[in-house]
Amino acid sequence: MNILQFTGAVELGLIYSLVALGVFLSFRVLKFPDLTVDGSFPLGAAVTASLISVGINPLVATLVAFAAGSVAGLITATLFTRFKITDLIAGIITMTALYSINIRVMQGRPNLSIVDKQTLISQLKTLLRPFVDSFALGAALFILVGGIVFLCYYFLSSQYGLALRATGNNAQMARANGIADRRMIQVGLAVSNGLVALGGSLFAQESAFGDINIGIGTIVSGLSGVILGEAFFPSRRLIFQIFACVLGALADRFILTFALNIDGIGLEPTDLNLIRAAILATAIILSNVIKGIKS
């Protein structure tokens, strides 16, 4: 792995750490297997690319992408809490609908280039280049992700966040203590998918395009980040659990990059989802082995 591949893995790992945080919120905190993320990731990219392409300020486009992802999560939560559709089916319904919606958002096209437009990433790179030169993109993403990690920790440590975590641990007990568990699920899934869409937004701005197919395998990447983080950095403290998601996403991206660049085993970029599935399976087995040793 050369320096270019190393920095590329760090940059993509930081972007996908937002996906891992979103999956951590739904999968671990709320105990909700949410498949919406395969649709909300390209939704964030589609909204951002579409708005930037017509001249909207990149920061506004990024915030609108977060809001769009939150709405997608809210729809899944409403299908589950109000209409009694099971969690898996609710996520599949929203994810399927988002495929068509994303094409409409990108003005009827499967992909949309913003290569000649100013983005939030390019603006931060220009700002940081005098200080860190060729590592400006990594530094920009580090600042953005660091700020979002802090906000996530602050949110989950607040009274509202404690109610959210109580709902995930035991919804009936939370309800008995006066917590509106349905609202907590709606808020939790809205924030979760907002984070995933934010990851899609940064991905589009980093790669200068939005594409309808970039969401395939997003849930697997997010789960890999969460489970790898838990396997390598097990902790019950919230702050370490959040950092473990970031480190797990980075580890996942390094393994992917390393696997695709090994000579002699014949792996191609089209094998990306095969490698992702293998990483997830290995991470779960490793996690089970570590738990077995500790018990």
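Helices α1, α6 (136-157) and α9 (181-207) each contribute at least two residues to the lining of the largest cavity; helices here are DSSP runs of H or I with at least four residues, numbered from the N terminus. The model is a predicted one, in which local features need pLDDT of at least 70 and side-chain atom pairs count only at pLDDT 80 or more, while totals for chains, interfaces and linings use all residues. Residues are numbered from 1 along each chain as its sequence is written, and side-chain values use heavy atoms, without hydrogens or water.

A cavity, on a 1 Å grid over the protein atoms alone, is a set of points where a 1.4 Å probe fits but cannot get out; a pocket is an open set with protein on both sides within 12 Å along at least five of seven lines, and lining residues have an atom within 4 Å of a point. Volume is the space filled by probe spheres set on the points, which are joined across faces, edges and corners.

The structure holds one cavity of 30 Å³ or more, and the volume of the largest cavity is about 50 Å³. Its lining comprises nine nonpolar residues, no polar and no charged ones, among them Phe24, Cys152 and Ile242.

I turn to the largest pocket, with about 640 Å³ of space. Of its 23 lining residues, Arg28, Glu230, Ser235, Arg236 and Gln241 lie nearest the centre. The largest share, five residues, comes from α11.

Finally, the unreviewed UniProt entry annotates residues 184-202 among its transmembrane regions. In the model, residues 184-202 are 100% helix, with end C-alpha atoms 27 Å apart.

Note on methods. UniProt positions are given in the numbering used here, feature names are shortened, and annotations may be inferred rather than shown by experiment. Ala, Val, Leu, Ile, Met, Phe, Trp, Tyr, Cys and Pro count as nonpolar, Asp, Glu, Lys and Arg as charged, and the others, Gly among them, as polar.
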